[in-house]
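Dear colleague,

I am passing on the structure that we talked about, and below it you will find my notes on what turned up in it. Please read them with the model open beside you.

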Amino acid sequence: MFRKLAVAAFLTAMALPAMAGTPGLDAREQNQRERIAQGARSGELNRPETRRLVRGEVRLHRHERIARSDGVVTGAERLRLQRNANRMSKRIYVQKHDPQPRPRSW
């Protein structure tokens, strides 16, 4: 009996860090960073736009770290993080497709 209880406690303790993570959001942040880098390389984003978007991604990562700080990301925190990621994704799209003239070289 004690052995079963100890195994169950161990498995629960191992599962908690996995439940606290946000793997979908982590992958999305990586994708958005790559989109920003590609836009900067191709000239679709100028320096001020790139700086603003990078700062927004840093802010999103900081909010994610704060949400994870207590060991559990609640449903409300996850929803707020997803909304922030949606806003950042839209900003990246808008900045990459705006009709602003681009410099020929940096």
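E77 lies in helix α4, which covers residues 75–97; helices here are DSSP runs of H or I with at least four residues, strands are runs of E with at least two, and both are numbered from the N terminus. Before going further, please keep in mind that this is a predicted model, in which local features need pLDDT of at least 70 and side-chain atom pairs count only at pLDDT 80 or more, while totals for chains, interfaces and linings use all residues. Residues are numbered from 1 along each chain as its sequence is written, and side-chain values use heavy atoms, with hydrogens and water left out.

With a relative accessible area of 17%, E77 is buried, where buried means under 20% relative accessible area, exposed means over 50%, and partly exposed is in between, for a 1.4 Å probe and protein chains only. Not counting residues up to four places away in sequence, E77 touches A67 and V72, a contact being heavy atoms within 4.5 Å. The side chain of E77 also reaches the backbone nitrogen of T74 at 2.9 Å. The C-alpha atoms of E77 and I66 are separated by 9.7 Å, the two residues being 11 apart along the chain.

**The chain as a whole**

The secondary structure comes to four helices and zero strands, so that the order from the N terminus on is α-α-α-α. Of the 106 residues of the chain, 28% count as buried. Among contacts between residues at least 6 apart in sequence, 78% join residues at least 24 apart. The accessible surface comes to about 7,600 Å², of which 61% belongs to carbon and sulfur atoms; these areas come from the Shrake-Rupley method with a 1.4 Å probe, and for residues only the protein chains shown count as cover.

Helix α2 (residues 23–42) has 20 residues, which at 1.5 Å a residue should span 28 Å, and its end C-alpha atoms are 29 Å apart, which agrees; the expected span is 1.5 Å times one less than the number of residues. The buried residues of α2 are L25, E29, Q32, I36 and G39. They cover an arc of only 90° around the axis, which puts them on the same side of α2, the arc being that of the directions from the helix axis to the C-beta atoms. These buried residues pack against α3 (47–68) and α4, whereas P23 and R41, on the other side of α2, are exposed. Q30 also lies in α2 and is partly exposed, with a relative accessible area of 35%. The C-alpha atoms of Q30 and E57, 27 residues apart along the chain, are separated by 9.6 Å. After α2 comes G43, whose phi is positive, near 90°.

The buried residues of α3 are E49, T50, L53, G56, E57, L60, E64 and A67. Seen down the axis of α3, they fall within an arc of 125°, so they line one face of the helix. What covers them includes α2 and α4, while the face turned away from this buried side carries the exposed residues R65 and I66.

**The cores, and N84**

In soluble globular proteins, nonpolar side chains tend to be buried together. The largest nonpolar core here has six residues, L25, L60, A67, V73, L81 and A85; such a core is a set of buried Ala, Val, Leu, Ile, Met, Phe, Trp, Tyr and Cys residues joined through side-chain atoms within 4.5 Å. Helices α3 and α4 each supply at least two residues of this core. Apart from it lies another core, of five residues, among them I36, L45, M88 and I92.

Leaving aside neighbours within four places in sequence, L60 is in contact with E29, Q32, L81, N84 and A85. N84, in turn, has its place in helix α4 and is buried, with a relative accessible area of 19%.

With best wishes

How values were computed. A polar contact is a pair of N or O atoms within 3.5 Å; within protein, one must be able to donate a hydrogen and the other to accept it, and residues adjacent in sequence count only if both atoms are side-chain atoms.
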